[in-house]
Protein chains: 2
Amino acid sequence: MASRLVFSVCWFVLLLLLLSSVCGGRRLRGESTALTLESVRKFLTREEDSIVFSLIERAKYPCNAPAYDPSYLGRATKFHALSLVDLFVRETEAVQAKAGRYQNPVEIPFFPKDMTLPSVPPYDFPNELHAAAASVNVSNTIWRKYFDEWLPQITSQGDDGNYAPTAAADLVCLQALSRRIHYGRYVAEAKYREAPQDYNTAIRAKDRDALMKLLTFESQEDAVKRRVEEKAKVFGQDVTLGKRVDDSTNATNYKVDPMVVYRLYGDWVIPMTKMVQVEYLLRRLD
Amino acid sequence: MASRLVFSVCWFVLLLLLLSSVCGGRRLRGESTALTLESVRKFLTREEDSIVFSLIERAKYPCNAPAYDPSYLGRATKFHALSLVDLFVRETEAVQAKAGRYQNPVEIPFFPKDMTLPSVPPYDFPNELHAAAASVNVSNTIWRKYFDEWLPQITSQGDDGNYAPTAAADLVCLQALSRRIHYGRYVAEAKYREAPQDYNTAIRAKDRDALMKLLTFESQEDAVKRRVEEKAKVFGQDVTLGKRVDDSTNATNYKVDPMVVYRLYGDWVIPMTKMVQVEYLLRRLD
């Protein structure tokens, strides 16, 4: 009886190993998958660099209005209602979906309806999120606010014809901002795991205000805003030999105005990340 | 007779205006199209920032070997001989070609055979290059050297499954490096215009060594190498509040080793740009 049990267990383990090999599933190597407040903080800090780099690279090109004007393509293609950027992002996201980008729940596409299925073997990304809450999605707001409000503040007037590189630079900005803001799901999960009792009452009462209060640490937010402002100064300066960035440098010397990056975070990125956290927590007990 | 002449001239001007409007041609606005040594220097200096940013962003992900291994896709697609990065770059370049990226002669695709025609109106980019020499192309060498030699030096060992973002980051590096190296055509043209008599004898004699000697300014190259090393330090540091980058900081604190960036420029980017200049000049009188 005992030997049959051992035999069955061995078969089961073998079957699991075979399945995992056939599916091509791979685990993260050399890295812990544990979500902690420390790992969350590290991720968000590194994302700040990506966001600032992406804004500086977008600011290399002027506004390039035709890229956003549906009438620009109207004459040349059948897509009358779509701008070059709309089409460009849809088609680039389709290529990236095929290559498996959105298998990782950290990445969220702007046009999920246009997605092709991945052509790559499935990858076993760690699933740290609570299933009922993972679907929180504010992509439409990110898209609208980026183009309507923030893009005009980081670009100069003008048209240099580089619409495709401009659209590619926009997509890198959008992906970095979306990853950061939607990472609010992971922030909320890490905070919830740390002290569920702090949140349960407010979640059950569906009390958004109470949750927002629990998630707000003004001194911490202030430090983040000042740090991204500093990053915009450090990364956006003209580096010359024998001269380091100087606080007295005039703002016009920076490739993107550091105060705009400060406000981008204060007025939008941080509040939106907190909104994602609240929405996530509201579904955390479903 | 005079009124008929005026009438004909008016018709001709109207016809020209109409043609220009139908073709949708747009000139660069608010920017001089004149190629000068100063404009070339400015372009190359700004490209250094793009190259360093792109390397730092690639270094965010580990090596991610499966993205470069054709057998990884072998099971899942019909493209046995191609890696995920091969396919990803081909398909992304096709999307960018459709959006008009390669109308600008500054941009050169890695897979020109897979190009779709632009779906956008033609843009009247300034054509500064000598027609017979504009086609100098070292994309294959850039591709090979980037993946075989430089990529292993900027990434850590490991596999985090983010193959699509990895491939996207590779493409941004490749595009920035290719734009910089192929800009050698513009550098050569600016130098030639400045003093054609300095180059004509060597060009007619097809004397590569003499041309290379004419194009080499060691102190200038040294300054560029030290500047990109400095940029890798400034852009690749962990920015924290109240602390500026410090020369004594250990190399392991930087996101990409500044010495690797120094060597990337010294051993490869600068020599390749000069090779492009020589090849361009050799065809300059054709």
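Student: How many cavities of 30 Å³ or more does the count come to?
Tutor: The model is a predicted one, and the cavities are spaces found among its protein atoms, where a 1.4 Å probe fits but cannot get out. Counted by this rule, the cavities of 30 Å³ or more come to 7.

Student: Which residues that line the largest cavity are the closest to its centre?
Tutor: The largest cavity has a volume of about 740 Å³, and its lining is made up of 37 residues. Those closest to the centre of this cavity are Ala168(A), Val172(A), Ala168(B), Ala169(B) and Val172(B).

Student: Which elements give two or more residues to the lining of the largest cavity?
Tutor: By class, the lining of this cavity has 18 nonpolar, 10 polar and 9 charged residues. Two or more residues come from each of these elements: in chain A, helix H2 (37-58), helix H4 (84-98) and helix H6 (163-182), and in chain B, helix H2 (37-58), helix H4 (84-98) and helix H6 (163-182).

Student: What gives the most to the lining of the second largest cavity?
Tutor: The second largest cavity holds about 60 Å³ of space, and among its 15 lining residues Ala99(A), Gly100(A), Gln103(A), Gly161(B) and Tyr163(B) lie nearest the centre. By class, this lining has 9 nonpolar, 5 polar and 1 charged residues. With 3 residues, the element that gives the most to it is H6(B).

Student: Is Asn104(B) buried or exposed?
Tutor: Asn104(B) has its place in the loop between H4 and helix H5 (139-154) of chain B. Leaving aside residues up to four places away in sequence, Asn104(B) touches Asn162(A) and Phe125(B). Its relative accessibility is 9%, and since the cut-off for this class is under 20%, Asn104(B) counts as buried.

Student: Which residues touch the most other members of the largest nonpolar core?
Tutor: The largest nonpolar core has 156 residues. Trp268(B), one of its members, touches Thr141(B), Ile142(B), Lys145(B), Tyr146(B), Trp150(B), Leu177(B), Ile181(B) and Arg263(B), when residues up to four places away in sequence are not counted. Within the core, the residues that touch the most other members are Trp268(A) and Trp268(B).

Student: How many residues apart in sequence are the parts that the pair of Tyr68(A) and Phe147(A) ties together?
Tutor: A search of the whole structure finds 28 aromatic pairs over all chains, and Tyr68(A) and Phe147(A) form one that is tilted, with 5.6 Å centre to centre and 55 degrees between the planes. Because Tyr68(A) lies in the loop between H2 and helix H3 (70-74) of chain A and Phe147(A) in helix H5 (residues 139-154) of chain A, the pair ties together parts whose separation in sequence is 79 residues.

Student: Is Tyr186(B) buried or exposed?
Tutor: Tyr183(B) and Tyr186(B) form a stacked aromatic pair, with 4.7 Å centre to centre and 15 degrees between the planes. Tyr183(B), at 6% relative accessibility, counts as buried. Tyr186(B) has a relative accessibility of 4%, which is within the under 20% cut-off, so Tyr186(B) counts as buried.

Student: What percentage of the residues of chain A count as buried?
Tutor: The secondary structure of chain A comes to 11 helices and 0 strands. Among its contacts between residues at least 6 apart in sequence, 76% join residues at least 24 apart. Of the 286 residues of chain A, the share that count as buried is 52%.

Note on methods. Residues are numbered from 1 along each chain as its sequence is written. Chains are lettered from A and ligands numbered from 1 in the order in which they are written. This is a predicted model: local features need pLDDT of at least 70, side-chain atom pairs count only at pLDDT 80 or more; totals for chains, interfaces and linings use all residues. Side-chain values use heavy atoms; hydrogens and water are left out. A nonpolar core is a set of buried Ala, Val, Leu, Ile, Met, Phe, Trp, Tyr and Cys residues joined through side-chain atoms within 4.5 Å. Buried means under 20% relative accessible area, exposed over 50%, partly exposed in between (1.4 Å probe, protein chains only). Contact means heavy atoms within 4.5 Å. On a 1 Å grid over the protein atoms alone, a cavity is a set of points where a 1.4 Å probe fits but cannot get out, and a pocket is an open set with protein on both sides within 12 Å along at least five of seven lines; lining residues have an atom within 4 Å of a point. Grid points are joined across faces, edges and corners, and a volume is the space filled by probe spheres set on the points. Helices (H or I, at least four residues) and strands (E, at least two) are DSSP runs, numbered from the N terminus. Ala, Val, Leu, Ile, Met, Phe, Trp, Tyr, Cys and Pro count as nonpolar, Asp, Glu, Lys and Arg as charged, and the others, Gly among them, as polar. Rings of Phe, Tyr and Trp (its six-membered ring) pair if their centres lie within 6.5 Å; planes under 30 degrees apart count as stacked, over 60 as edge-to-face and the rest as tilted.
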